[in-house]
2 protein chains.
Amino acid sequence: MSLLPFEELEAGELMQRRIFALRQDRVKSQRTGRETHVDRLFCPDWVNVVAFTAADELLLVRQWRFGSAEFSIEIPAGAVEPGEDPVVGGLRELAEETGYTPDDPGAVVLLGATRPNAAFMNNRCSTIFVPRVSKTLPQNLDPTEEVEVLSVPRAELDALMRQGARRCAAGAAPTATDGLLDNSLVLVALHLWKLHTA
Amino acid sequence: MSLLPFEELEAGELMQRRIFALRQDRVKSQRTGRETHVDRLFCPDWVNVVAFTAADELLLVRQWRFGSAEFSIEIPAGAVEPGEDPVVGGLRELAEETGYTPDDPGAVVLLGATRPNAAFMNNRCSTIFVPRVSKTLPQNLDPTEEVEVLSVPRAELDALMRQGARRCAAGAAPTATDGLLDNSLVLVALHLWKLHTA
């Protein structure tokens, strides 16, 4: 099969929501001539932060997530402002969510980016690696954000991911202030970090 | 900070789209009493398939993606039917997209599941591992699907992921029938596979 890009015939009405915009477009296969409708979600680019404390523990945040309606354990992350460098955006999100800043700003590395979901989302998610961070600032959260900062030894990360994947598959909702390390973008970030440090 | 689940005050109108439904809900912090609106996307559960050929090559699919408006190199994947076992759903998607089936159905492993995006999506994505597959059937695609099957030696996977993350970060759109291995859920699946085989 010789693949060809689909042709965009018609853009639907853009519905603006709080954290994304939604549009249904009409597209046409250049191979078969067949037309179809596709859902597209327009999101800002995001950034993930892999940061280790002086005790060599990965910095994590626990928060209630509205999609899963569960608590979730993740790495600091957020949206990149339009035109903002992902490294700058990542360090901004890190400081806001946790109060931690890099010991050596020159040591921060952009590990790369991935598509959160190429099937229907247009954005990219970058991952940055901050080898050493310290608590130098107070948290600076939005009025509706509630974020608990924690950290876990580097040697326990694989076990935490295995546990998250197993319990997420079992469908057991975490209770109380529990939470799983089972957000896909965290597993992506830690994979990119392993590929970098391997 | 002692975290508490947010309370759901009011569910908005459900807007049904082709591959998901969208709703804006009103929620309330039990800690501060503050109310806010949240976007929620209701999606079917998904499944990812990590499968190796007799030549020990990872089975991949290349297709045009409407979200990124680019070609993308991914592993076979799709939506799980309501009530369907993720292993059954994964093998169904594998057969439909590629015509490959497991040499030993008893050797198929559910590696776990993750949240594609806990922040605003309600679903889970499982990953299954099929140690050995062979081409036994023709492709069986939807009329609007155009999928090219390829495979890559196991030893080249890390390089392909590094290249994808670097080029995705650089923002260079792949041209023609090119495509990057840069879809987050593929990096998740290969991370879970590494955690399993480590």
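## A loop glycine and the basis of the model

Gly33(B) sits in the loop that joins β3 (21-28) to β4 (35-42) of chain B; helices (H or I, at least four residues) and strands (E, at least two) are DSSP runs, numbered from the N terminus. Gly33(B) is exposed, with 8 other C-beta atoms within 10 Å. In this scheme a residue is buried if 20 or more other C-beta atoms lie within 10 Å of its own, exposed if 12 or fewer, and partly exposed in between, with C-beta atoms placed from the backbone. From Gly33(B) to Glu148(B) the separation is 115 residues in sequence and 52 Å in space, C-alpha to C-alpha.

The model is predicted: local features need pLDDT of at least 70 and side-chain atom pairs count only at pLDDT 80 or more, whereas totals for chains, interfaces and linings use all residues. Residues are numbered from 1 along each chain as its sequence is written, and chains are lettered from A and ligands numbered from 1 in the order in which they are written.

## Chain A as a whole

Chain A contains three helices and twelve strands. Its C-alpha atoms fill a box of roughly 60 × 40 × 40 Å, taken along the principal axes. Of the 198 residues in chain A, 44% are buried.

Two residues are in contact if their C-beta atoms, placed from the backbone, lie within 7 Å. Among contacts in chain A between residues at least 6 apart in sequence, 63% join residues at least 24 apart.

## Relation of the two chains

Chain A is superposed on chain B by a rotation of 180 degrees with 0.0 Å of shift along its axis, at an RMSD of 0.0 Å. That is the relation of a two-fold axis. The superposition is by least squares on the C-alpha atoms of residues with pLDDT of at least 70 in both copies.

## The interface

In the interface, 66 residues of chain A are in contact with 66 residues of chain B. On the side of chain A that touches chain B, at least two residues each come from β3 (21-28), β4 (35-42), β6 (57-65), β7 (70-74), β10 (109-114), β11 (125-135), α2 (157-170) and α3 (184-197) of chain A. This side of chain A divides into 32 nonpolar, 17 polar and 17 charged residues. Here Ala, Val, Leu, Ile, Met, Phe, Trp, Tyr, Cys and Pro count as nonpolar, Asp, Glu, Lys and Arg as charged, and the others, Gly among them, as polar.

Of the interface residues of chain A, 100% are also interface residues in chain B, so the copies meet through the same surface.

## The α3 helix pair

The axes of α3(A) and helix α3 (residues 184-197) of chain B come within 8 Å and cross at roughly 70 degrees. That makes α3(A) roughly perpendicular to α3(B). Angles under 35 degrees count as roughly parallel, over 145 as roughly antiparallel, 65 to 115 as roughly perpendicular and the rest as oblique. The axes are lines fitted to C-alpha atoms, for helices over the stretch in contact, and angles run from 0 to 180 degrees between N-to-C directions.

α3(A) passes α3(B) in a left-handed crossing; a crossing is left-handed if the near helix is turned anticlockwise from the far one by less than a right angle, and right-handed if clockwise. Ser184(A), Leu185(A), Leu187(A), Val188(A) and His191(A) of α3(A) make the contact with Ser184(B), Leu185(B), Leu187(B), Val188(B) and His191(B) of α3(B). The residues of this contact of α3(A) with α3(B) comprise six nonpolar, four polar and no charged.

## Selected residues in strand and helix

Pro131(B) belongs to strand β11 (residues 125-135) of chain B. With 15 C-beta neighbours inside 10 Å, Pro131(B) counts as partly exposed. Residues up to four places away in sequence aside, Pro131(B) touches Phe52(B) and Ala107(B). Pro131(B) and Ala198(B) lie 67 residues apart in sequence and 15 Å apart in space, C-alpha to C-alpha.

Thr98(A) is in helix α1 (residues 86-98) of chain A and counts as buried, with 26 C-beta neighbours inside 10 Å. Not counting residues up to four places away in sequence, Thr98(A) touches Leu59(A), Val61(A), Pro76(A), Gln139(A) and Val149(A). Thr98(A) and Asn140(A) are 42 residues apart in sequence and 7.8 Å apart in space, C-alpha to C-alpha.

## Positive phi in loops

Asp56(A) is not a glycine, yet has a positive phi of about 60 degrees. Asp56(A) lies in the loop between β5 (46-53) and β6 of chain A and is exposed, with 12 other C-beta atoms within 10 Å.

Ala69(B), also a residue other than glycine, has a positive phi near 55 degrees. Ala69(B) is located in the loop between β6 (57-65) and β7 (70-74) of chain B. With 16 C-beta neighbours inside 10 Å, Ala69(B) counts as partly exposed.
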